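Subject: Structure handover and findings

Dear colleague,

Please find below the structure that I am handing over to you. My notes on what was found in it follow directly after.

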Amino acid sequence: MSILSPQLMPEPYRIKMIEPIRLLPEAVRRQRLAEAGYNTFLLRSADVYIDLLTDSGTNAMSDAQWGALMMGDEAYAGSRSFERLQEAVRDVYGFPYLVPTHQGRGAENLLSKSWIKPGQAVAGNMYFTTTRAHIELAGGVFHDVIVEEAHDAGSNLPFKGNVDLRRLEALMDRTGREGLAYVAVGAPVNMAGGQPVSLDNLRQVAALCRARDARLVLDGARLVENAYMISRREASCQGRPVAEILREMCALVDAIAVSAKKDAYVNIGGFLATRDKGLYEEAMNLCVLYEGLHTYGGLAGRDLEALAVGIREMIQDDWIAHRVAQVEYLGRRLAARGVPIVHPIGGHAVFIDASAFLPHLSQDDLPAQALAAWIYQATGVRAMERGIVSAGRDEAGRNHRPSLELVRLALPRRVYTQTHLDYVADGIARLHERRAQLPGLRFAYEPPRLRFFQSRFVPEPIKAAA
Ligand SMILES: *Cc1c(COP(=O)(O)O)cnc(C)c1O
């Protein structure tokens with residue numbers, strides 16, 4: 001860990017196989033962007049130079065994981081690979097019961113359908129797109145109980161993902177025990193800019209849930225990153241091994257819904273893990289319906305095998321330290337050139353404050369969507385909108401209006417080098433220098449659900465700079 005410095009972060013791996021990437025000429029990128037309806041989700045990967053759309057499923061597997069693929073037991077039932085995954089989940093997370101799923105949203109579906117009765121509330125620290133969608137599909141109503149500072153891109157609080165205990169308690173007072181399906185804590189909080197939850201806050205949430213007989217679950221997509229940030233930022237946890245903090249977080253909750261495509265260095269997979277036998281049995285039954293038999297959950301035996309190895313790799317302190325250091329490096333380079341970003345820098349991504357980058361645009365000009373488009377056009381780098389487009393509409397058809405308009409630069413794990421990050425920072429800094437000329441976007445097509453994936457846009461006429 002000590003070899004990492006703010007200026008230099010030698011990668012803790014060497015390259016055994018390469019994948020060519022190329023930068024298209026700007027005129028071609030302009031054309032491809034228009035063909036994609038100015039939505040970075042609709043670009044072809046071959047037209048992207050550096051792909052920071054997401055860190056989900058875009059990780060590079062280790063030689064040990066590639067080796068494990070060959071050991072996959074493809075039996076329909078009772079696969080050996082499932083047993084190895086179960087052992088890894090028990091050792092690392094500490095849950096006795098495991099239901100594998102094709103990815104995180106599969107686990108969210110099983111959890112929501114098992115535990116939500118129509119009309120019940122689900123409390124959480126800021127919504128996540130697929131999580132809220134599954135809560136609503138199961139008839140639940142999501143209530144945000146995150147601390148107020150999470151909505152302030154300028155606030156430098158170390159744990160902006162924390163649950164506001166007073167808001168949670170007030171919600172519990174209103175719903176009563178029967179009206180609340182469960183409390184779902186995301187750690188870290190993706191939509192707030194990858195902001196972590198403190199161990200102390202999670203302990204208090206758990207104590208409140210116990211006192212009120214409420215069930216508590218963790219969204220475990222990037223728990224290792226949260227545990228690492230706890231080890232850096234929380235005074236009582238300085239220097240504690242990440243593995244130990246992770247175990248303690250899991251010991252506080254009834255279940256975790258996990259997208260294995262993040263922390264665990266695989267390209268596909270997810271699972272629900274729990275200590276609640278009732279949930280396990282219910283989820284197992286639903287798994288057969290939606291995913292596949294409960295010992296493979298929509299995954300091949302080789303996927304279970306690679307995941308079992310990835311779960312053991314993800315808690316190694318030098319790996320997670322380098323991962324977070326890469327993200328911080330990119331953020332610092334951007335900030336040093338005057339690009340407005342969310343502070344503190346999150347664990348998996350740098351979030352650009354699009355409202356501050358494009359102050360001449362209003363929220364209805366879709367500033368974050370527009371900025372992601374212009375970043376691709378200028379640099380060949382692909383980013384993602386996290387603003388009004390991602391937030392979608394309420395039941396009455398009105399736009400949700402999130403307080404943050406963000407563009408996310410998510411770093412795949414073990415994929416890009418420091419030079420790649422320098423290129424990204426330089427290109428975006430140069431775009432920032434000519435920001436006054438950048439127009440907003442308008443919807444040309446809007447699908448009914450999770451609209452950010454498939455919407456198409458057209459540029460607005462250019463407005464005068466403020
Ligand atoms: C990715 C993610 C999910 C959904 O997982 P998928 O594997 O994409 O289905 C849920 N919650 C969070 C916080 C995530 O980052």
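Helices (H or I, at least four residues) and strands (E, at least two) are DSSP runs, numbered from the N terminus. In that numbering, the place of Leu366 is in the loop between α13 (354–357) and α14 (367–379). Please note that this is a predicted model.

Backbone geometry

Leu366 has a phi near 55°, a positive value in a residue other than glycine. Since buried means under 20% relative accessible area, Leu366 counts as buried because its relative accessibility is 5%. Asp213 also deserves a note: its phi is near 60°, a positive value in a residue other than glycine. Asp213 is placed in the loop between α7 and β6, and its relative accessibility of 48% makes it partly exposed.

One joins Ala187 and Pro188, with omega at about 0°; Pro188 is found in the loop between β5 and α7. The other runs from His343 to Pro344, where omega is near -10°. Pro344 has its place in the loop between α12 and β9 (349–353).

Helix packing

Helix α6 (residues 165–179) packs with helix α7 (residues 199–211) at an angle of about 15°, and their axes are 11 Å apart. Angles under 35 degrees count as roughly parallel, and α6 and α7 are therefore roughly parallel to each other. Their crossing is right-handed. On the α6 side, Leu165, Leu168, Glu169 and Met172 take part, and they meet Asn201, Gln204, Val205, Leu208 and Cys209 in α7. By class, this contact of α6 with α7 has six nonpolar, two polar and one charged residues.

The second pair is α8 with helix α12 (residues 317–336), which pack at an angle of about 85° with their axes 10 Å apart. Angles from 65 to 115 degrees count as roughly perpendicular, so α8 and α12 are roughly perpendicular to each other. From α8, the contact is made by Val224, Glu225, Tyr228 and Arg232; from α12, by Ile320, Ala321, Arg323, Val324 and Glu328. The contact of α8 with α12 has five nonpolar, no polar and four charged residues by class.

Val183 is found in strand β5 (residues 180–186) and counts as buried, at 1% relative accessibility. Not counting residues up to four places away in sequence, Val183 touches Ala123, Leu168, Met172, Val205, Cys209, Arg215, Leu216 and Val217. Among these, Leu168 and Met172 in α6 and Val205 and Cys209 in α7 also belong to the contact between those two helices. As for its distance to Pro20, the two residues are 163 residues apart in sequence and 44 Å apart in space, C-alpha to C-alpha.

Arg222 lies in the loop between β6 (216–219) and α8 (223–233), and at 6% relative accessibility it counts as buried. Again leaving out residues up to four places away in sequence, Arg222 touches Asp55, Ala187, Pro188, Asn190, Lys262, Asp263, His348, Arg408 and Arg413. Among these, Ala187 and Pro188 are the residues joined by a cis peptide bond.

With kind regards

Definitions and conventions
Residues numbered from 1 in each chain as written. Predicted model: local features only at pLDDT ≥ 70, side-chain atom pairs only at ≥ 80, totals over all residues. Heavy atoms only, no water. Axes fitted to C-alpha atoms, helices over the stretch in contact; angles between N-to-C directions. Parallel < 35°, antiparallel > 145°, perpendicular 65-115°, else oblique. Left-handed = near helix turned anticlockwise from the far one by under 90°. Contact = heavy atoms within 4.5 Å. Nonpolar A, V, L, I, M, F, W, Y, C, P; charged D, E, K, R; others polar. Buried < 20%, exposed > 50% of the residue type's maximum accessible area, 1.4 Å probe, protein only.
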